[in-house]
Amino acid sequence: MIGLGRACHELGQADKAARHLRTAEAMAHEIANPQLLAQVAEALAKTAGGVANPLPGNLTARQAEVLRLLADGLTNREIAARLYLSPGTVERHLATIYRKLGLGGRVEAARYAVEHGLTPPNRAML
């Protein structure tokens, strides 16, 4: 994923590069591999012009992806299937997200995702 992110960056596909690198970052976090985390951080810094673009609320890439899918209206089971996770893992991610961001539940989390640019730009708020 790191190599794919770098290749996309070289081709001028910045959004695609960031997406691949954030996925690599999430995978490195999940397997707790500090060497891969360092490689991803280096690639993110290089592709972002020397400064890695942090996610809002100090979320990990995986947490941001879970939050984005929640804001898209997916259930925990649907998020789990989309990300190849167990529903329990999705629940743990959401509990961590709520705690990190000081949110009370799904509605507040969806609103946060929209307000902080984690959803596509033309989404209407419910």
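Two residues are in contact when heavy atoms of theirs lie within 4.5 Å. Keep that cut-off at hand for this tour of a predicted model.

**Start with the whole chain.** Show the protein as a cartoon and you will find seven helices and zero strands.

The accessible surface of the protein amounts to about 7500 Å², and carbon and sulfur atoms hold 55% of that. Of the 126 residues, 38% count as buried.

**Go inside.** Next, select L67 and I79. Within the largest nonpolar core, which has 25 residues, these two touch the most other members. Now colour the elements that give two or more residues to this core: α4 (61-71), α5 (76-83), α6 (87-101) and α7 (106-115). Which of them gives the most to this core? That is α4, with seven residues.

**Zoom in on I79.** Leaving aside residues up to four places away in sequence, which residues does I79 touch? Select V66, L69, L70, L74, V90 and R106, and you have them on screen.

To finish, display contacts across the protein. Among those with a separation of 6 or more, 52% come from residues 24 or more positions apart.

Methods: Residues are numbered from 1 along each chain as its sequence is written. This is a predicted model: local features need pLDDT of at least 70, side-chain atom pairs count only at pLDDT 80 or more; totals for chains, interfaces and linings use all residues. Side-chain values use heavy atoms; hydrogens and water are left out. A nonpolar core is a set of buried Ala, Val, Leu, Ile, Met, Phe, Trp, Tyr and Cys residues joined through side-chain atoms within 4.5 Å. Buried means under 20% relative accessible area, exposed over 50%, partly exposed in between (1.4 Å probe, protein chains only). Helices (H or I, at least four residues) and strands (E, at least two) are DSSP runs, numbered from the N terminus. Accessible areas come from the Shrake-Rupley method with a 1.4 Å probe; for residues, only the protein chains shown count as cover.
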